[in-house]
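Dear colleague,

I am passing the structure below on to you, and my notes on what was found in it follow directly after. Please read them with the model open.

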Amino acid sequence: MSAADRQAIRELVENWALWRDAGDWERFATVWHPEGVMRATWFQGGHAEFAEASRQGWDRGVRILHFLGGTSVELAGERAVAQTKMTISQRAEVDGVLCDVVCTGRFFDFAERREGRWGLVLRQPIYERDRIDPVDPGALLHLDRERLAGLPEGYRHLAYLQTGLGYPVKRDMPQLTGPEVEALYGEGRAWLAGGDLDA
């Protein structure tokens, strides 16, 4: 892999987070190829629809922020798979208490170079572990334990917050281990070998 390819793919990953979190929707569109797909807890679909849903949430005061760590890239000709350590943080009222939820995981990105330009074709987060904390450390938060236990372990607090806000949360997202993440790894291998992606 050339240093230029590695840098270009890393810039895609970094620009995605910076421009999405800043609400810079025009530049956010440039990290994708036209048919690019975003899969997240609360949204699965085309990148333009994801940006519009994010913009509408932004206008209502929804703030979902991302912080990135290291990136590893596998390259096969004009295709690549990148994994990037990240955290997702969201602040909102949970059962009447203002809280921060932080979820640690990885972005698993499918990228392709077309006419000399790298772009994202699919982004699938992997949700590994999360926590919830009141913004006021003296506040008392009483979660519905039965409801919490029924949510996926890797993102149960994030899902608790998001379902409480009315978002339909997907319950079978890839986590640290399990059949969903193994299927994602297989999807990545198939992509690098020239296969098509499932919508």
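His 66 counts as buried because its relative accessibility is 15%, where buried means under 20% relative accessible area, exposed over 50% and partly exposed in between, with a 1.4 Å probe and protein chains only. Please keep in mind that this is a predicted model, in which local features need pLDDT of at least 70 and side-chain atom pairs count only at pLDDT 80 or more, while totals for chains, interfaces and linings use all residues. Residues are numbered from 1 along each chain as its sequence is written, and side-chain values use heavy atoms, with hydrogens and water left out.

His 66 belongs to strand 3 (residues 64–76); helices (H or I, at least four residues) and strands (E, at least two) are DSSP runs numbered from the N terminus. Leaving aside residues up to four places away in sequence, His 66 touches Trp 16, Ala 17, Arg 20, Asp 21, Thr 87, Ile 88 and Phe 107, a contact being heavy atoms within 4.5 Å.

Gln 162, in helix 5 (residues 156–164), is buried as well, with a relative accessible area of 3%. Its side chain is joined to that of Gln 90 by a polar contact of 3.1 Å, that is, a pair of N or O atoms within 3.5 Å, of which, within protein, one must be able to donate a hydrogen and the other to accept it, and residues adjacent in sequence count only if both atoms are side-chain atoms.

As for the rings, a search of the whole structure finds 15 aromatic pairs; rings of Phe, Tyr and Trp (its six-membered ring) pair if their centres lie within 6.5 Å, and planes under 30 degrees apart count as stacked, over 60 as edge-to-face and the rest as tilted. The ring centres of Trp 25 and Trp 58 are 6.5 Å apart and their planes stand at 90°, so this pair is edge-to-face. Because Trp 25 lies in helix 2 (residues 25–28) and Trp 58 in helix 3 (residues 47–59), the pair ties together parts that are 33 residues apart in sequence. Trp 25 is buried at 17% relative accessible area, whereas Trp 58, at 26%, is partly exposed.

Finally, the charged end of Arg 123 sits over the ring of Phe 107, 3.7 Å from its centre, the criterion being NZ of Lys or CZ of Arg within 6 Å of the ring centre and within 35 degrees of the ring normal.
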